[in-house]
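Dear colleague,

I am passing on a structure to you with this message, and my notes on what was found in it follow below. Please read them alongside the coordinates.

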Amino acid sequence: QLIPLFVIIGSGGVGAGLYLMRLAMFNPDVSWDRKNNPEPWNKMSPSDQYKFYSVNVDYSKLKKDRPDF
């Protein structure tokens, strides 16, 4: 009777761990290599989707509205 509980809790823990790993690897706010890429958020183009889910935004049609630094 405890097997479904362990399966649900285990799958929730694995899902949370995978989401945290995705945030640590692909989020532009996280910088793992400060020597070669100290500000990774400046190299993101407007068409890069880094949010997990967005409701009404089509990232492929966004235009660049800021200057290059």
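Accessible areas here come from the Shrake-Rupley method with a 1.4 Å probe. On that basis the protein chain, which is a predicted model, exposes about 6,400 Å², and carbon and sulfur atoms supply 62% of that area. The chain has 69 residues, of which 9% count as buried, and its secondary structure comprises 1 helix and 0 strands. Where contacts link residues at least 6 apart in sequence, 15% of them join residues at least 24 apart.

The helix, α1, covers residues 3–26. An unreviewed UniProt entry places the feature "transmembrane region" at residues 6–25; over those residues the model is 100% helix and 0% strand, with the end C-alpha atoms 28 Å apart.

Within α1 lies Ser11, whose side chain reaches the backbone oxygen of Ile8 at 3.0 Å. Ser11 has a relative accessible area of 47%, and it is therefore classed as partly exposed, since that class lies between the cut-offs of 20% and 50%.

With kind regards

Terms used
Residues are numbered from 1 along each chain as its sequence is written. This is a predicted model: local features need pLDDT of at least 70, side-chain atom pairs count only at pLDDT 80 or more; totals for chains, interfaces and linings use all residues. Side-chain values use heavy atoms; hydrogens and water are left out. Helices (H or I, at least four residues) and strands (E, at least two) are DSSP runs, numbered from the N terminus. Buried means under 20% relative accessible area, exposed over 50%, partly exposed in between (1.4 Å probe, protein chains only). Contact means heavy atoms within 4.5 Å. UniProt positions are given in the numbering used here, feature names are shortened, and annotations may be inferred rather than shown by experiment. A polar contact is a pair of N or O atoms within 3.5 Å; within protein, one must be able to donate a hydrogen and the other to accept it, and residues adjacent in sequence count only if both atoms are side-chain atoms.
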